Amino acid sequence: MQTLNQLAPFILMFAVLYLMMIRPQMKRQKQEKTFINEMKKGDKVITKSGMHGRIVELTDDSCVIETLAGKIKFERSAISMEMSKKLNATESKETKDK
């Protein structure tokens, strides 16, 4: 019983660490992987470096994005899921307001 009392704080700290840090990160990685696999031509995206554009060509591991400066080739993983979702959220919010 005494050893259980000594281990309880460590078990509790691990549980809190798992729930607060590890699990949300795993969920975020799963969402990003799903987003990368579901990209299609014509999607308006923002890269992780901040470039805005529209997807004009897709391959297994890269995509070509058309920007105002021209066409640029990026890896699929360089597309920022978070910014793309924000754009879609603001567009849907604007259509609801009308």
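Ser62 lies in strand S3, where strands (E, at least two residues) and helices (H or I, at least four) are DSSP runs numbered from the N terminus. The structure is a predicted model, in which local features need pLDDT of at least 70 and side-chain atom pairs count only at pLDDT 80 or more, while totals for chains, interfaces and linings use all residues. Residues are numbered from 1 along each chain as its sequence is written, and side-chain values use heavy atoms, with hydrogens and water left out.

Ser62 has a relative accessible area of 5% and is therefore classed as buried, a term that means under 20% relative accessible area, as against over 50% for exposed and in between for partly exposed, with a 1.4 Å probe and protein chains only. Leaving aside neighbours within four places in sequence, Ser62 is in contact with Lys73, Phe74, Glu75 and Arg76, contact being defined as heavy atoms within 4.5 Å. The side chain of Ser62 is also joined to that of Thr59 by a polar contact of 2.7 Å; such a contact is a pair of N or O atoms within 3.5 Å, of which, within protein, one must be able to donate a hydrogen and the other to accept it, and residues adjacent in sequence count only if both atoms are side-chain atoms.

When residues up to four places away in sequence are not counted, Thr47 touches Ile65, Phe74, Ala78, Ile79 and Ser80. Thr47 and Ile79 are 32 residues apart in sequence, yet their C-alpha atoms are 4.2 Å apart in space. The side chain of Thr47 makes a polar contact of 2.9 Å with the side chain of Ser49.

The largest nonpolar core comprises nine residues, namely Phe35, Ile36, Met39, Val45, Ile55, Cys63, Ile65, Phe74 and Ile79; a core of this kind is a set of buried Ala, Val, Leu, Ile, Met, Phe, Trp, Tyr and Cys residues joined through side-chain atoms within 4.5 Å. Helix H1 (2–37) and strand S3 (62–67) each supply at least two residues of this core. Ile36 touches Arg76 and Ser77, not counting residues up to four places away in sequence.

Helix H1 has 36 residues and reaches 51 Å from its first C-alpha to its last, close to the 52 Å expected at 1.5 Å a residue, the expected span being 1.5 Å times one less than the number of residues. A kink of about 40° in H1 is centred on Tyr18.

Over the protein as a whole, there are two helices and four strands, which run α-β-β-β-β-α from the N terminus on. Buried residues make up 20% of the 98 residues.

Note on methods
The bend at a residue is the angle between axes fitted to the seven residues ending there and the seven starting there.
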